[in-house]
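Colleague: I am new to this structure and would like to go through it with you, one question at a time.

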Amino acid sequence: MSFELPKLDYAFDALEPHIDARTMEIHHDKHHAGYTSKLNDAIKGTDLEGKTIENILINLDMSNMAVRNNGGGFYNHSLFWKVMSPDGGGKPTGALLDAITDAFGSFEAFKSEFSNAAGSRFGSGWAWLCVHNGGKVEVCSTPNQDNPLMPDTGCGGTPILGLDVWEHAYYLNYQNRRPDYVDAFFNVINWEEVSKRYEEGK
Ligand code: MN
């Protein structure tokens, strides 16, 4: 059994003008496909074969760079596609909004902290919103394809929202203007999906 590249729930151009079709196509069909096949190569014939991706990441030997980079890449992008939607944007509601308000003071303050985490990540990486046992939420960021499920990343809990800030995620449309890309991301966040993951992860 091996990992499969998940299909998108929407067309490549569905997130325009916020994220352009060409970027989505290359990002999914080339980058994510590459992480998926390299992950499969890296675990083939090892005791990681047949385990869930969550199990692999939680128990990861961080010196295993092939699984760290490609397992992270596989998981991170699988989450990323799901937390975006052409019908996205706006604000969360219910228990997730309450948790965000408790943690940051307001949705706007959360947006500012998340955007800062995304903007200040030097080089390549991800910004995250994570939920801890009990329902508390936290913003953090990781380098490269690291993920909060992995040991000792400085991020903890279960990621429920992730933003890819590698240049391959935005360069065609935004060039060096990462802050504009981060702003645009807020117009496509699928808060319904993030709320579902919050309920499952808390
Ligand atoms: Mn990416």
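The questions and answers below concern a predicted model.

Colleague: Which element gives the largest share of the largest nonpolar core?

Modeller: This core holds 46 residues, and among its members Phe110, Leu161 and Tyr181 touch the most others. Several elements give two or more residues to the core, including helix H3 (65-82), helix H5 (107-120), strand E1 (125-131) and helix H7 (178-185). The largest share, six residues, comes from E1.

Colleague: How many residues are in the other core, the one that lies apart from it?

Modeller: Leu39, Leu60, Met62 and Val67 are among the residues of this other core. Its number of residues is 14.

Colleague: At what angle do H5 and H7 pack?

Modeller: In general, a pair of packed helices is described by the angle between their axes together with the distance between the axes. Residues Phe114, Ser115, Ala118 and Gly119 in H5 meet Arg178, Val182 and Phe185 in H7, and the residues of this contact divide into four nonpolar, two polar and one charged. The crossing of H5 and H7 is right-handed. With their axes 10 Å apart, the two helices pack at an angle of about 145 degrees.

Colleague: With which side chain does the side chain of serine 141 make a polar contact?

Modeller: Serine 141 has its place in strand E2. Leaving aside residues up to four places away in sequence, serine 141 touches Ala117, Arg121, Trp126, Ala127, Trp128 and Cys155. The polar contact, at 3.1 Å, is with the side chain of arginine 121.

Colleague: Is serine 85 buried or exposed?

Modeller: The place of serine 85 is in the loop between H3 and H4, where its side chain reaches the backbone nitrogen of aspartate 87 at 2.9 Å. Not counting residues up to four places away in sequence, serine 85 touches Tyr10, Leu15, Val188 and Asn190. A residue under 20% relative accessible area is taken as buried. Because the relative accessibility of serine 85 is 11%, this residue counts as buried.

Colleague: And is arginine 22 buried or exposed?

Modeller: Arginine 22 has its place in helix H1 (residues 21-43). Arginine 22 and proline 86 are 64 residues apart in sequence, and their C-alpha atoms are 16 Å apart in space. The cut-off for calling a residue exposed is over 50% relative accessible area. Arginine 22 has a relative accessible area of 51%, and therefore this residue is exposed.

Notes: Residues are numbered from 1 along each chain as its sequence is written. This is a predicted model: local features need pLDDT of at least 70, side-chain atom pairs count only at pLDDT 80 or more; totals for chains, interfaces and linings use all residues. Side-chain values use heavy atoms; hydrogens and water are left out. A nonpolar core is a set of buried Ala, Val, Leu, Ile, Met, Phe, Trp, Tyr and Cys residues joined through side-chain atoms within 4.5 Å. Buried means under 20% relative accessible area, exposed over 50%, partly exposed in between (1.4 Å probe, protein chains only). Helices (H or I, at least four residues) and strands (E, at least two) are DSSP runs, numbered from the N terminus. Axes are lines fitted to C-alpha atoms, for helices over the stretch in contact, and angles run from 0 to 180 degrees between N-to-C directions. A crossing is left-handed if the near helix is turned anticlockwise from the far one by less than a right angle, and right-handed if clockwise. Contact means heavy atoms within 4.5 Å. Ala, Val, Leu, Ile, Met, Phe, Trp, Tyr, Cys and Pro count as nonpolar, Asp, Glu, Lys and Arg as charged, and the others, Gly among them, as polar. A polar contact is a pair of N or O atoms within 3.5 Å; within protein, one must be able to donate a hydrogen and the other to accept it, and residues adjacent in sequence count only if both atoms are side-chain atoms.
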